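Good morning, colleagues. Please bring the structure up on the screen, and I shall take you through a few of its features.

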Amino acid sequence: MPKHRRTARRVAAILAGPVLVLISVVLTSSVVAQAAQGPAARPGSTGPDHAAHVSVVPHAGLSSGHPDTSTGSEYIERTEWIPDPQGRRLAIYPTSYARYDAPASRWPDAWAEVIELEPDADRPHMRDQFRCHVEFARISEPDKPSWNLELWRPDVGYFATVLARCNP
C-alpha cells in the first residue's frame, strides 16, 4: 500500500525597493513511497508531485501608493534644524509617499521641496546626503523618523557619500 508524505517549507523575505512587501512561499512535496525502489522506479510513475503557494503581503509601514498633499507638500512633511556639538543638523521628515512609494528617481523634486522649506540647506554635500537617503537609506531603514543631513560633513561627492553610508 503506497504511503503519501507531504512536506512543507516556508521561506519569507522582505524585498527592498520602491515598495516593500513580505513574500511568503510555501513549498509542498507529495511523494508516493514504493517499497524499497523509490517513487520514480516504478514504470509509469511520474515521480514527486511539487507545488508552491506564494502570497504577497504589504509591509505594515506602506502607504496607499499615492502622495498625500494635505500638508501642501508631496515629499516633505516638515524640516527642523537641530543643534549638534559638531554643527547644525537638518532633520527632514518625509511624507509617507516619499518614504515608501515615491520612485527614487524623483529625488530632485523632493530636494526642491527641502530647499523651499530650508534655503540654507542648498549646498552640494547636503544635496548628496539627501539623495543618498532617498536612494538607499530609506530602503535599509524605512521607518527611521527623520532623514538627518549634517552641515559639518565634508563635500566628498555623491559616490563617496554613498560609500560612507550617507555620512562621509
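Cys132 is buried, with a relative accessible area of 1%; buried here means under 20% relative accessible area, exposed over 50%, and partly exposed in between, with a 1.4 Å probe and protein chains only. Cys166 likewise counts as buried, at 4% relative accessibility.

A word on the source: this is a predicted model, in which local features need pLDDT of at least 70 and side-chain atom pairs count only at pLDDT 80 or more, while totals for chains, interfaces and linings use all residues. Residues are numbered from 1 along each chain as its sequence is written, and side-chain values use heavy atoms, leaving out hydrogens and water.

How many disulfides are there? The count comes to one disulfide, defined as a pair of cysteine sulfur atoms within 2.5 Å. Cys132 and Cys166 form it, with their sulfur atoms 2.0 Å apart. The link is left-handed, at -80° about the S-S bond. Cys132 lies in helix H3 and Cys166 in the segment after helix H4 (158-163), so the pair ties together parts 34 residues apart in sequence. Helices (H or I, at least four residues) and strands (E, at least two) are DSSP runs, numbered from the N terminus.

I turn now to the nonpolar core, a set of buried Ala, Val, Leu, Ile, Met, Phe, Trp, Tyr and Cys residues joined through side-chain atoms within 4.5 Å. The largest has 19 residues, and Leu90, Ile92, Trp111, Val114, Ala121 and Phe130 have the most contacts inside it. Among the elements that each supply at least two residues are strand E5 (87-94) and helix H3 (124-140). H2 gives the most to this core, with five residues.
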